[in-house]
Amino acid sequence: MKPTDRVRAKATNSAGVCMMRNAWKDEQHPSFINFISNFLAANSFKLNFVSIPPDFIFNCGGSSVAFIFVTSLDSTNVSEILARTQLLKKQFAHLYVICTLPTKEQNDLFVRSYFKSGLELGRPAFVLVKDLEMGFEKMLRIAFARGVCKREDVTTKLKAQREQYVQSAGVFQRVITSIPGIDNHDANALNQAVGSIEAIAKESKEYILENTDLSADKAEMVTRFFRDQNFYLSPKIN
């Protein structure tokens, strides 16, 4: 597989910098370093060899992401790798561990050692792969995705959408529970089965009875609330 086959479709229009730890490079086969260099060049990333604590740091779209890249795991180095992870997670806000586990024995060793290490699940995230090339591809995809999120300020947008949803849900709850005899449970049931306030206002008593656990009296009260002047002209919303 050529370096351009995997990521280029997403990364062509994006430039970034990849910093590789000198000590890590010296431990790898030259052919793998050559693969990395070509892969990065094909995806518009510049490669620098520097002395840094993690194995890689990607700067992409204004976001910095650090990686530990474990290319060989065995009983002689697993404790050292996990201890190093404990240390680096305190230094980098965005840290991932790419771990190459081509055999079942290595996978079993990792699982046993991980749960003995005291690491908090998901902090940092471990990405388990079968081969070196797949591991580096995953690394580049994570770095690129972080850069896209940073540029588009996705986190802020999601937070704003969540706040808007919570506010809308609050208004819905207040309106529906202002109907005499209708409580929070009934409001949730109507929301799930029917939908918006506008949809509930248009539905029949029969539909509400068939699709919710509201009693006949409550279903009657809901339909009257939106159709009878004695109810909808002066609702009291707490």
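**Reading the pockets**

Reader: Which residues lie nearest the centre of the largest pocket, and how many line it?

Author: A pocket is an open set of points on a 1 Å grid over the protein atoms alone where a 1.4 Å probe fits, with protein on both sides within 12 Å along at least five of seven lines, and lining residues have an atom within 4 Å of a point. Here the largest pocket has 14 lining residues, and Arg-21, Glu-27, Glu-80, Ile-81 and Arg-84 are the ones that lie nearest its centre. This is a predicted model, in which local features need pLDDT of at least 70, side-chain atom pairs count only at pLDDT 80 or more, and totals for linings use all residues. Residues are numbered from 1 along each chain, and side-chain values use heavy atoms, without hydrogens or water.

Reader: Which strand and which helix each supply at least two residues of that lining?

Author: Strand S4 (63-70) and helix H4 (78-88) each do so for the largest pocket, helices (H or I, at least four residues) and strands (E, at least two) being DSSP runs.

Reader: What volume does the largest pocket have, and how do its lining residues divide by class?

Author: Its volume, the space filled by probe spheres set on the points, is about 310 Å³. The lining of the largest pocket divides into five nonpolar, four polar and five charged residues, where Asp, Glu, Lys and Arg count as charged, Ala, Val, Leu, Ile, Met, Phe, Trp, Tyr, Cys and Pro as nonpolar, and the others as polar.

Reader: Which residues line the second largest pocket?

Author: The second largest pocket, with a volume of about 200 Å³, is lined by Lys-89, Phe-92, Ala-93, His-94, Leu-95, Tyr-96, Gly-122, Arg-123, Pro-124, Ala-125 and Arg-146. By class, that lining holds six nonpolar, two polar and three charged residues.
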